[in-house]
Amino acid sequence: MNNRLICFFIFSFLLASCLPEQAARQPLSTGANLGNSAGEEPDAIEGANPSHEDLYWFDSGVKRSTLTIDHDNQKNHYIFGSDIDLFLQDSENYNSTYCVLAAFNTGGAASTPLMVKATPAVTTNYSTGKRTRYLRANLSTASGNDFCNKDVQIKSNPLTLVPFSSLVYKPADVCPSCLNIIASNKFELYRYQQDGNWLKLISHDQIDYGNLSLRIDMNGNSSNTPTSCTDAGCAAEGFDCCIEGQCVNDASTRLSGVQSDPEGFELAELEKAANPNWYQKYPEFYYICLEDPQNGGGDDSLDPEDPLSDAEKRKLEMIADYECVEELKTYSIEDPFHKDPVDETLPVSTYNKCEVDDSLVFMYFESVMK
């Protein structure tokens with residue numbers, strides 16, 4: 001018996017010495033992916049050991065730690081980096097709203113800090129399958145940025161809140177009397193706290209954004225902001241194409257169009273369910289990447305020549321569809337009517353509100369139902 005025990009211990013020792021040495025398992029970051037509204041499955045590997053990349057502005061396909069924009073900037077700008085991606089893997093973080101504050105050194109001229117809203121988003125690089133989360137900073141318009149005019153925390157125990165003394169929401173208002181390029185000397189990221197309607201400063205331990213800065217050319221002739229990008233450069237970051245000097249996704253919203261015609265945009269949104277390519281009819285509201293496969297991007301040829309006439313035509317098409325649906329409800333032999341759209345015993349002429357030929361009748365009705 002003793003000999004057997006001695007042999008067992010010797011065998012165990014030899015086996016252990018042959019196994020490869022294993023590093024201690026590192027705990028997951030607080031930003032580990034636990035599943036989120038962006039459709040991501042839990043991914044402990046990605047959360048635990050990301051390929052680190054410092055935060056950067058993604059500007060027309062170019063990565064920058066310092067972003068320079070014109071005072072009348074109308075382009076989208078994004079904040080990428082490993083810390084952002086990891087932080088937004090948490091579903092609660094992803095579903096929150098953020099605010100970016102930048103104060104500027106204006107050499108003695110009167111200036112006001114700029115505050116803009118930042119929204120989480122996710123993009124996919126289809127060549128690698130990697131999903132990346134980022135923040136979209138609303139630097140192209142003042143619309144919606146006043147959301148960030150909340151009290152901020154200055155002391156956590158007990159919680160003490162104070163209001164900002166003054167803020168502006170578009171670059172042109174930071175320093176109207178300035179005639180040069182002004183640079184930020186303060187750059188902060190805040191998270192909106194729904195429970196108390198206030199902003200909480202995000203620490204550099206959570207997201208290290210200390211290398212980011214913002215410059216504004218108050219003359220509007222900055223040479224540091226490129227006027228063009230490439231489809232390949234945009235695709236490398238998971239966007240669909242380059243349009244008008246910025247990386248965009250197909251069917252993404254043009255904020256300028258929405259602001260100029262919000263009612264028209266609401267009508268356009270109603271067509272999503274009926275037509276998967278609805279956005280191609282509304283180049284004033286959506287970016288179109290896939291219209292011209294030869295050059296890989298959309299162009300201005302789809303802009304309506306007669307917007308009022310085109311809008312009237314779209315309205316008449318929607319009315320015709322509505323009347324067709326009402327007619328189907330009358331002649332259908334089943335309830336609910338969309339299970340069997342039309343009584344086949346009736347002649348086509350009976351349902352004259354649905355003007356289609358016999359061969360396409362059911363396909364058309366199915367489209368109307370959707």
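Predicted model: local features only at pLDDT ≥ 70, side-chain atom pairs only at ≥ 80, totals over all residues.
Helices and strands, in what follows, are DSSP runs numbered from the N terminus, a strand having at least two residues. Good morning, colleagues.

Asn 197 sits in the loop between strand S10, residues 181-193, and strand S11, residues 198-201. This asparagine has a positive phi of about 60° although it is not a glycine.

Ala 251 belongs to the loop between strand S14, residues 246-248, and helix H6, residues 255-260. With 21% relative accessibility, Ala 251 counts as partly exposed, because buried means under 20%.

One further loop deserves mention. Between strand S8, residues 151-156, and strand S9, residues 159-162, we find Pro 158. The peptide bond joining Asn 157 to Pro 158 is cis, with omega at about 0°.

Let me now turn to strand S1, which comprises residues 56-59. Which residues of S1 lie on each of its faces? Tyr 56 and Phe 58 are on one side, Trp 57 and Asp 59 are on the other, and all four are buried, so that both faces are covered.

S1 has two partners to consider. It runs antiparallel to strand S4, residues 77-80, and three bridges join the two. In this pairing Trp 57 stands opposite Ile 79. S1 is also antiparallel to strand S2, residues 62-64, again with three bridges, and here Asp 59 faces Val 62. The hairpin of S1 and S2 has two residues between its strands, and Ser 60 there takes a positive phi near 55°.

How many cavities of 30 Å³ or more does the model contain? The count comes to one, and the volume of the largest cavity is about 40 Å³. Its lining consists of Trp 57, Val 100, Leu 101, Ala 102, Leu 114, Val 116, Leu 139, Phe 187 and Leu 214. Two elements, strand S5 (98-105) and strand S6 (114-125), each give two or more residues to that lining, and S5 gives the most, with three. By class, the lining has nine nonpolar residues, with no polar and no charged ones.

In soluble globular proteins, nonpolar side chains tend to be buried together. In this model, the largest nonpolar core has 33 residues, of which Leu 114 and Leu 139 touch the most other members. The elements giving two or more residues to this core are strand S3 (66-70), helix H3 (82-87), S5, S6, strand S7 (130-137), S10 and strand S12 (213-217). S5 gives the most to the core, with four residues.

I close with Leu 139. Which residues is Leu 139 in contact with, leaving aside its neighbours within four places in sequence? Among them are Trp 57, Leu 114, Val 116 and Leu 214, which also line the largest cavity. Thank you for your attention.

Note on methods
Residues numbered from 1 in each chain as written. Heavy atoms only, no water. Buried < 20%, exposed > 50% of the residue type's maximum accessible area, 1.4 Å probe, protein only. Pairing = 2+ DSSP bridges. 1 Å grid on protein atoms, 1.4 Å probe; cavity = no way out; pocket = protein on both sides within 12 Å on 5 of 7 lines; lining within 4 Å. Points joined across faces, edges and corners; volume = space filled by probe spheres on them. Nonpolar A, V, L, I, M, F, W, Y, C, P; charged D, E, K, R; others polar. Core = buried A, V, L, I, M, F, W, Y, C linked by side-chain atoms within 4.5 Å. Contact = heavy atoms within 4.5 Å.
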